[in-house]
Amino acid sequence: MYRKVLINTCILILAIAFLTGVFATGKKAKQKWIIYKTLKCKHWKNREAEIKNVKPAKYKVVFLGNSLTELFDLNYYFKDSTLLNCGIVGDFSEGLLKRANDIIQLKPEKLFIEIGINDMIEQIPLEEICKNYDELIKAVKNGSPQTKIFIQSNLPVILRHPSLFVSDKDVNELIIVQNNNLQKLADKNAVVFINLHTPFLRSGYLKDLLIEDGVHLTNKAYGVWRISLLPYLY
């Protein structure tokens with residue numbers, strides 16, 4: 001009897017381990033597939049080509065990031081023609097790393113980086129995001145040492161369609177942890193960390209800052225972002 005129970009227990013443990021491995025492998029494959037499709041999509045390639053064609057040193061300040069950055073109308077909010085928007089909708093930290101040489105060729109005086117929310121929603125480990133950040137910073141420092149780098153924190157979200165694996169609370173808790181990681185990363189690499197998360201929470205009703213998808217920003221939100229950046233830009 002005892003032997004049978006022991007055998008059944010071992011079988012159960014092995015089955016759980018097998019299913020866990022299958023799930024983890026499938027999850028990793030899904031993440032890689034989504035990133036691959038993003039970096040191969042027409043919009044990503046077109047934006048990368050546009051950035052490659054910009055003349056070096058034409059712009060003093062470069063903004064690098066995902067859709068939150070690409071949708072940031074810098075000309076409207078800052079009235080400054082020396083600012084270049086290098087955001088790409090849907091981008092991941094891996095995509096930023098792949099674009100490092102394009103940014104280095106621009107030789108900007110200042111580089112503002114924003115990335116991570118797409119990674120976190122797809123449950124890419126924070127360690128992997130930080131590793132991509134670290135490599136990006138090192139590449140810029142080596143290739144364009146005169147460029148001053150600014151890391152911008154991730155912003156709070158309100159997920160409209162949480163799932164069994166991704167909830168609003170989980171993502172916002174990850175964002176807080178990751179912002180602490182980015183602060184440490186900035187300190188380690190002697191670059192500037194900009195806390196955008198706190199001003200967004202303090203600005204009032206968060207729903208007024210986010211459009212219906214709960215991730216992208218309203219004009220009011222970009223106004224908050226603008227005010228937060230002014231001391232670092234000028």
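How many bridges join strand E1 to E3, and do the two strands run parallel or antiparallel? In this predicted model, strand E1 (residues 61–65) and strand E3 are joined by 5 bridges and run parallel.

## The protein as a whole

The protein contains 11 helices and 5 strands, and of its 234 residues, 47% count as buried. Among the contacts between residues with a separation of 6 or more, 72% are made by residues 24 or more positions apart. The protein exposes about 12,700 Å², and carbon and sulfur atoms supply 60% of that area.

In soluble globular proteins, nonpolar side chains tend to be buried together. Here the largest nonpolar core has 67 residues, of which Tyr133, Ile151, Leu217, Trp225 and Leu229 touch the most other members. If residues up to four places away in sequence are not counted, tryptophan 225 touches Leu68, Thr69, Phe72, Glu114, Gln152, Leu196, Phe200 and Leu217.

Strand E3 spans residues 110–114, and because 5 of its 5 residues are buried, the strand is largely enclosed by the rest of the structure. In a regular strand the side chains alternate between the two faces of the sheet. In E3, Lys110, Phe112 and Glu114 point one way, while Leu111 and Ile113 point the other way, and all are buried.

Leucine 111, which has its place in strand E3, counts as buried because its relative accessibility is 0%, where the cut-off for buried is under 20%. Leaving aside neighbours within four places in sequence, leucine 111 is in contact with Val62, Leu64, Ile103, Val140, Thr147, Lys148, Ile149 and Phe150.

Helix H8 (residues 126–143) has 18 residues and reaches 26 Å from its first C-alpha to its last, which is close to the 26 Å expected at 1.5 Å a residue. Its buried residues are Leu126, Glu128, Ile129, Cys130, Asn132, Tyr133, Asp134, Leu136, Ile137 and Val140. Of these, Val140 is in contact with leucine 111, and the C-alpha atoms of leucine 111 and valine 140, which are 29 residues apart along the chain, are separated by 9.3 Å.

Threonine 147 is found in the loop between H8 and E4. A polar atom of its side chain lies 2.6 Å from the backbone oxygen of proline 108. Beyond its neighbours within four places in sequence, threonine 147 is in contact with Lys107, Pro108, Glu109, Lys110, Leu111 and Val140.

## A residue in another loop

Valine 54 is found in the loop between helix H2 (42–52) and E1. Not counting residues up to four places away in sequence, valine 54 touches Tyr59, Leu84 and Leu106. Valine 54 and aspartate 102 are 48 residues apart in sequence, and their C-alpha atoms are 9.2 Å apart in space.

| Residue | Relative accessibility | Class |
|---|---|---|
| Leucine 111 | 0% | buried |
| Threonine 147 | 8% | buried |
| Valine 54 | 18% | buried |

Valine 54, with a relative accessible area of 18%, counts as buried because the cut-off is under 20%.

Note on methods. Residues are numbered from 1 along each chain as its sequence is written. This is a predicted model: local features need pLDDT of at least 70, side-chain atom pairs count only at pLDDT 80 or more; totals for chains, interfaces and linings use all residues. Side-chain values use heavy atoms; hydrogens and water are left out. Helices (H or I, at least four residues) and strands (E, at least two) are DSSP runs, numbered from the N terminus. The expected span of a helix is 1.5 Å times one less than its number of residues. Buried means under 20% relative accessible area, exposed over 50%, partly exposed in between (1.4 Å probe, protein chains only). Two strands pair if DSSP finds at least two bridges between them. Contact means heavy atoms within 4.5 Å. Accessible areas come from the Shrake-Rupley method with a 1.4 Å probe; for residues, only the protein chains shown count as cover. A nonpolar core is a set of buried Ala, Val, Leu, Ile, Met, Phe, Trp, Tyr and Cys residues joined through side-chain atoms within 4.5 Å. A polar contact is a pair of N or O atoms within 3.5 Å; within protein, one must be able to donate a hydrogen and the other to accept it, and residues adjacent in sequence count only if both atoms are side-chain atoms.
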